[in-house]
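Good morning, and thank you for coming. Please take a moment to look at the sequence and the structure, and then we shall go through several of its features together.

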Amino acid sequence: MRAIFRRTAIGVAFVVLVLALGTLIPRGEAGGDADVGAGSGAQRTILVLSNAIHTDIALPLNAETRAAFGFVASAGLPIERPDAEWLVLGWGGETFYVRTPTWSDLEVMPVVQSVLGDRSVMHVELAGRIDPAAPHVTPLVLSPERYADLVDAIMASFEDDPSGAPALLPVPGYGAFDRFYEARGGFQVLFGCNTWTGQMLREAGIATGLWTPLPFLLGASLAIHN
């Protein structure tokens, strides 16, 4: 029994060490073009939205964003609505993402599929006002050039259909104002939605930790390295 306890303790300590190093070791441009929680002039403020297991990136629905993501209108998303303030985008495993709109919908098989590996999808949602001071929200400020880099990186995450447009997934969204699209790359729980968010932020010049598979690790690395 003592030997089992010792091995368990060593295993837990190793996992904690790996997660700590993944958060503390920076990847990207530390101290680059992004500032946490401020904004002025022509700069663009984006939001990182998080819950217990997942992160999304919210882009301001200005003319630039509407032009880049105008394809969602053909899927029935009213991107030109004046009360739509944010375009929320996330990447994840198809089975879990599509079948788990709320915690009450959680099932065993989507979780198993996430662990074993799954196809990836992009989730796109229109949102109204989001309080940037809310506990689950991290504002980040980008220069126009870095914002364009972020938009390009997110667009490159969509898989195209034969016509060259992002491929709409033929499944219902969670409601009237969201849709799923096919995405590039395979999903695996150790390199999933939160590592995708970190990768997108690094494309925009925002430093993150080397490996941040959980939302609170990504948030901690943003605070440390920016």
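This is a predicted model: local features need pLDDT of at least 70, side-chain atom pairs count only at pLDDT 80 or more; totals for chains, interfaces and linings use all residues.

Let us begin with helix α7, which covers residues 215-225 and has P215, L217, L218, S221, L222 and H225 as buried residues. Buried here means under 20% relative accessible area, exposed means over 50%, and partly exposed is in between, with a 1.4 Å probe and protein chains only. An α-helix has 3.6 residues a turn, so residues three or four places apart point the same way. The other side of α7 carries F216 and A223, which are exposed.

Residues are numbered from 1 along each chain as its sequence is written, and side-chain values use heavy atoms, with hydrogens and water left out. Helices (H or I, at least four residues) and strands (E, at least two) are DSSP runs, numbered from the N terminus.

I turn now to the aromatic rings. How many aromatic pairs does a search of the whole structure find? The search gives eight. Rings of Phe, Tyr and Trp (its six-membered ring) pair if their centres lie within 6.5 Å; planes under 30 degrees apart count as stacked, over 60 as edge-to-face, and the rest as tilted. For F69 and F71, the ring centres are 6.1 Å apart and the planes stand at 45 degrees, so this pair is tilted. Both F69 and F71 are buried. A tilted pair is also formed by F191 and W211, with 6.2 Å from centre to centre and 45 degrees between the planes. This pair links distant parts of the chain, 20 residues apart: F191 is in the loop between β8 (178-187) and α6 (193-203), and W211 is in the loop between β9 (208-209) and α7. F191 counts as exposed at 54% relative accessibility, whereas W211 is buried, with a relative accessible area of 19%. Ring pairs also join F69, F71, F158 and Y181 in a cluster.

Next, the pockets. Rolling a probe the size of a water molecule over the atoms shows where empty space is left. On a 1 Å grid over the protein atoms alone, a pocket is an open set of points where a 1.4 Å probe fits, with protein on both sides within 12 Å along at least five of seven lines; lining residues have an atom within 4 Å of a point. The largest pocket has a volume of about 860 Å³, a volume being the space filled by probe spheres set on the points. Which residues are closest to its centre? Of the 33 lining residues, they are N51, I53, H54, F96 and C193. Helix α4 gives the largest share of this lining, three residues. By type, the lining of the largest pocket has 19 nonpolar, twelve polar and two charged residues. Here Ala, Val, Leu, Ile, Met, Phe, Trp, Tyr, Cys and Pro count as nonpolar, Asp, Glu, Lys and Arg as charged, and the others, Gly among them, as polar.

The second largest pocket holds about 260 Å³ of space. Its lining has 19 residues, and G192, T195, W196, Q199 and R202 lie nearest its centre. Six residues of this lining come from α6, the largest share.

Finally, the salt bridges, each a side-chain nitrogen of Lys or Arg within 4 Å of a carboxyl oxygen of Asp or Glu. By this rule there are seven. One of them joins R66 and E80, at 3.8 Å from N to O. R66 counts as buried at 15% relative accessibility, while E80 counts as exposed at 57%. Another joins E159 and R184, whose closest N and O atoms are 3.8 Å apart. D160 and R184 also meet in a salt bridge, at 3.5 Å. D160 lies in the loop between α5 and β8 and R184 in strand β8, so this pair ties together parts 24 residues apart in sequence.
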